[in-house]
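This report covers a cavity and a helix pair. The model comes first, then the notes.

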Amino acid sequence: MKKAINKQGVLISILVSCLIALPRMLNAEMANVERFFVHFLYLFILSFCYWIITQFFIHNAKKKIYHILLLLLVCGIFSIIYNFIIELIFKDSTVLYSDLPFFNRLTLRQARVVLFSRGIIIGGVIYFIGYYLNVLTEKQKVSIEIEQLKKEKLSAQLEELKQQMSPHFLFNSLNTLKTIVPDENSKTYIVKLANVYRYLLSFNSKHLTTLKDELDFVESYLYIIKERFEDALEIIIDIDESLMENYIPPLSLQLLIENAIKHNIVSLEDPLKISVSNNDSKDMLIISNNLQLKSSKENSTGMGLDNIKTRYQLLAQKDILILKDENSFNVQIPLLLNSHLPI
């Protein structure tokens, strides 16, 4: 971006310098060609300095009238200082002012007024050009962003259509499968699988769910899990009915049950026993299991205790409690009232 700005500055400085030096070029004799190029170089350096100054005002100052007046004042003063420095170097005012034949007849005060005025004019012209180019650049940038947003919107709409099609296709397929299979156990399994998938889709739009809805989902989830582990997995759910309208983050119970199964041995010889209950004060759920850790840990999916901790902190600024001893692993999660629902 800076390279593009500097390139523009060089080109515009050359253009402005040529326009200012044009009267001298038209009236100059061949013997003055060298002086013309010296004068052109002098104007180019001045113009490029103005370009840098105006860029600072365009990108850092607010577009208010007093900022523009301040810029013109700076340009006028800079013109006088710059001419003073150049005159000290060349010690020949005719090199600098040959495009102004009347300059040598002016008093020092009048000469400064002329230089100040020329600085304002050149600075103003370069500011206008720089501001116009900046507006064009911003418009181009906005147009690119709008096109990008259009593409992203189309992609999002396509993704939304896919997401709408996928559940319908799955549920229709499961319903068809349920009518095809002959035995009742298979039909029940298909219904439970549909319930699990339906819940997974619904919780994406909400941060909290009632304990009743979560337990209904867990019941379907456990039916599927029990088909795999059979009697090697024992799960007891004993929760007071009065707590069913309290809230918890969706999938909290499922994640804790999955976590217990993932990290412990589940076998007919050593059944894994998981219990879900409430504490005496009825403000916490207790999920506990006997501890019989596997010798090798499975890779975590990232949807475990850390996930539940984070959601409780974000939603209700509450902590979960983890207790572990040689024989059991115990996690306690808060039950949330209606007042904890996100607005």
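## Largest cavity

Helix α8 gives three residues, the largest share, to the lining of the largest cavity. Elements here are DSSP runs numbered from the N terminus, helices being H or I of at least four residues and strands E of at least two. The model is predicted: local features need pLDDT of at least 70, side-chain atom pairs count only at pLDDT 80 or more, and totals for chains, interfaces and linings use all residues. Residues are numbered from 1 along each chain as its sequence is written, and side-chain values use heavy atoms, with hydrogens and water left out.

The lining consists of L256, N259, A260, I274, I287, N289, F329 and V331. Two or more residues each come from α8 (252-263), β5 (284-290) and β7 (328-334). By class, six lining residues are nonpolar, two polar and none charged (Ala, Val, Leu, Ile, Met, Phe, Trp, Tyr, Cys and Pro count as nonpolar, Asp, Glu, Lys and Arg as charged, the others, Gly among them, as polar).

## Helices α6 and α7

Helix α6 (residues 184-202) packs against helix α7 (residues 211-229) at about 135 degrees, and their axes are 9 Å apart. Axes are lines fitted to C-alpha atoms, for helices over the stretch in contact, with angles from 0 to 180 degrees between N-to-C directions.

On the α6 side, the contact (heavy atoms within 4.5 Å) includes Y189, L193 and V196, and on the α7 side F217, Y221 and I224 are among the residues involved. The α6 contact with α7 has nine nonpolar, four polar and five charged residues.

Methods:
1 Å grid on protein atoms, 1.4 Å probe; cavity = no way out; pocket = protein on both sides within 12 Å on 5 of 7 lines; lining within 4 Å.
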